[in-house]
Amino acid sequence: MKLKAVFNRDGGTFKTTDMDAYCARAEEIFASAGHDISFSVVAGRDVVDRLEAASREEGVEALIAGGGDGTISAAAGIAWRAGIPLGVIPAGTMNLFARSLKLPLDINAVLETLAEGRVQAVDIATVNDRPFVHQFSAGLHARLVRMRNAMNFASRLGKMRASTRAAFGVMLRPSRFEVVFDIDHDGRNEHRVVSAISVSNNPFGENPLFFADDLTTGKLGVYLADSLKPIGVAKLAFDILRGRLKDNEAVSATTAEVVRLHFPKRRHGALCVVDGELIRMPRNVEIRLHAGELKVLVPGPEPVKA
């Protein structure tokens, strides 16, 4: 295959990596597997433009994206719209999509996995036509990200410390807001007061990092947490750390293919998180699952057909 790799030099592990040496090693590995690969190493602010340009290059058959979850999410949306496969090099803090794809989390080990891997069709989701591969959320998570982003941190460890401090702040002052939701066009618009909403690209597995174990179920995971007091947020955090989110008494969980949300009291829109990025969404939000529409490189040879 003719491959184009775009690496975010500001992303996580790549900040302290000799990128010239890394690209040389990657070229050797992919060439040994019969691939023709070229590289672009760019600053974070230029990643999306370079990915877009790479997806339009004549003859390019797949994208390889390296960086954190934000970079990978953007790359997935670009690859999806271009109709070409995506290979993921997890150079960020959490690397959630890579975990769902069962990829090695080491940036060196993953090179051989991708070079020898196969193309698989997995699900991707959109929120108001914006692609995402992990989750959309509002409420507690959005407040945590907003508080964390207001802090100064320059490393992965610093980001984790900032997240911990923000989590305590959220616990002391939980979110509380009204939402009207319609699931799968069932015609029953339910009005609730909640502290958190999360809609994921496939249901979460039983892990504390909130990533899907399977990206081919064809369903969104839908999670709502009742209006909580500080003690309720503490219990929710404890269950999350145990990987038992759905066992929490304040959480209701279901699956859907389409979810519509309306935030009646948010005239200027709702502060939300889409694959780790804090953005303001309009009062009306539609989240839709696109089953099997994203092609990705995953470990292993092609399965033997019966």
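Asn95 is buried in this predicted model, with a relative accessible area of 6%, where buried denotes under 20% relative accessible area, exposed over 50% and partly exposed in between (1.4 Å probe, protein chains only). The residue is found in the loop between strand 4 (86–90) and helix 4 (96–100), with helices (H or I, at least four residues) and strands (E, at least two) taken as DSSP runs numbered from the N terminus. Phi of Asn95 is near 55°, a positive value in a residue other than glycine. Phi of Asp129 is likewise positive, near 70°, but Asp129 is exposed, with a relative accessible area of 61%, and lies in the loop between strand 5 (118–127) and strand 6 (130–132). Most residues other than glycine have a negative phi.

Beyond its neighbours within four places in sequence, Phe97 is in contact (heavy atoms within 4.5 Å) with Asp69, Ile72, Val88, Val133, Leu215, Leu294 and Val296.

Strand 12 (residues 258–262) runs antiparallel to strand 8 (residues 177–183), to which 4 bridges join it, pairing being assigned if DSSP finds at least two bridges between two strands; here Phe181 stands opposite Leu261. Strand 12 is also joined by 5 bridges to the antiparallel strand 15 (residues 284–298), where Val259 stands opposite Ile287.

Residues are numbered from 1 along each chain as its sequence is written, and side-chain values use heavy atoms, with hydrogens and water left out. As the model is predicted, local features need pLDDT of at least 70 and side-chain atom pairs count only at pLDDT 80 or more, whereas totals for chains, interfaces and linings use all residues.
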